[in-house]
Amino acid sequence: KEGLRKVSILNNIYFSILGLAFMMVEIPLMEKLSIFLGSPIYSFVVVLSTLLVSAGIGGYISNRIMILCNNKLPLIFILIAAILVIFSIFLDRIVYGYIFYGIFPKILICVLTIFPVGIFLGIPFPQGIKLVGSCDKDLIPWGMGFNALFSVVAVNISVMLTVEFGFKVILAAGILAYCLNYFISLILTRAVGAARAGSLPS
C-alpha cells in the first residue's frame, strides 16, 4: 500500500506538470505567431490545430518511438527539452525572415515548424497512462483530472506572463517544466516497478 500511495502522488505530480508544460509552450507560441501571421485568430487556429493533430499522431506512434528510446520514458523529456531549445533559437529567424510572405505560405511555414515539435509533445501523456496503468488503472482518471486542471490554470498564467515577460521567458519556463518531469518520470518509473514487484505473490 505504501508503494501504491507513492505511485499515486507521483502520478498526480507528473500529469499536473505535463499540463502546465504543454500550455507554457502553446500559449506563448500563439502570442509570438500572431505577429507573424498578422492576426491572433489565425495564430490561435494554426497553432492549436497543428499541435492537436501532431500531438495526437505523436501519441499514436508513441509505442514505436519508445522502442527506439529503449522504453525509457525519462529519455523522452530530454529529447523534448532539446527540441524546444532548438525551436526557440530558430523561431525568431523564421518569424522575421519570412514575415513579408503571403498568408498561405506563412501558415504552411508555421505548420511545418510546429508539427515535429507537437509529435514529441504528444508522447508523454499516453506513455504516462500506460506506465501508471500497469500498476493500478484506478490512478489513470486522477492523473487525467490533474492534467486537465493544471492545463486550465496554465492558460491563464501563461497569457498574463507572456504579456508581462515575453515569449522566450515563458517558453523557457515550459522547457524547465519538461526538465522537471524528467526527474519525476524517473522516480515514477522506479516507484511503479517497486509497487508491481511488491504486489507479486511470494
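Predicted model: local features only at pLDDT ≥ 70, side-chain atom pairs only at ≥ 80, totals over all residues.
Six aromatic pairs are present in the structure. In one of them, the ring centres of Phe15 and Phe125 are 5.5 Å apart and the ring planes stand at 80 degrees, so this pair is classed as edge-to-face. Phe15 belongs to helix α1 (residues 2–37) and Phe125 to helix α6 (residues 124–133), so the pair ties together parts that are 110 residues apart in sequence. The two rings can also be described by their accessibility. Phe15 has a relative accessible area of 1% and is therefore buried, whereas Phe125, with a relative accessible area of 28%, is partly exposed.

Another pair is made by Phe77 and Tyr178, whose ring centres are 6.3 Å apart; the planes are at 35 degrees, so the pair counts as tilted. Phe77 is part of helix α4 (residues 73–97) and Tyr178 is part of helix α8 (residues 167–199), so here parts that are 101 residues apart in sequence are tied together. Phe77 and Tyr178 are both buried. One aromatic cluster is formed by Tyr14, Phe15, Phe77, Phe125 and Tyr178. A charged residue also sits over a ring: Lys106 lies over the face of Phe36, at 5.4 Å from the ring centre.

In soluble globular proteins, nonpolar side chains tend to be buried together. In this model, the largest nonpolar core has 50 residues, and those that touch the most other members are Tyr14, Leu29, Leu33, Leu84, Leu121, Tyr178 and Leu188. At least two residues of this core come from each of α1, α2 (40–60), α3 (62–68), α4, α5 (103–121), α6 and α8. The helix that gives the most is α1, with 15 residues. Tyr14, named above for both the cluster and the core, has several contacts beyond its neighbours within four places in sequence; among them are Leu73, Phe77, Pro124 and Gly128. Asn181, Ile184, Ser185 and Leu188 are also in contact with Tyr14.

A search of the whole structure finds one cavity of 30 Å³ or more, and the volume of the largest cavity is about 40 Å³. The lining of this cavity consists of Leu29, Leu33, Phe87, Leu91, Ile94, Ile109, Cys110, Thr113 and Ile114. Helices α1, α4 and α5 each supply at least two of the lining residues, and the largest share, four residues, comes from α5.

The largest pocket holds about 280 Å³ of space. It is lined by 14 residues, of which Phe22, Ala55, Leu121, Phe125 and Asn147 are the closest to its centre. At least two lining residues come from each of α1, α2, α6 and α7 (140–165). The largest share of the pocket lining, four residues, is supplied by α1. Phe125 in this lining is also the partner of Phe15 in the edge-to-face pair.

When neighbours within four places in sequence are left aside, Ser54 is in contact with Phe115, Gly118 and Ile119.

Conventions
Residues numbered from 1 in each chain as written. Heavy atoms only, no water. Phe/Tyr/Trp six-rings, centres within 6.5 Å; stacked < 30°, edge-to-face > 60°. Buried < 20%, exposed > 50% of the residue type's maximum accessible area, 1.4 Å probe, protein only. Lys NZ or Arg CZ within 6 Å of the ring centre and 35° of its normal. Core = buried A, V, L, I, M, F, W, Y, C linked by side-chain atoms within 4.5 Å. Contact = heavy atoms within 4.5 Å. 1 Å grid on protein atoms, 1.4 Å probe; cavity = no way out; pocket = protein on both sides within 12 Å on 5 of 7 lines; lining within 4 Å. Points joined across faces, edges and corners; volume = space filled by probe spheres on them.
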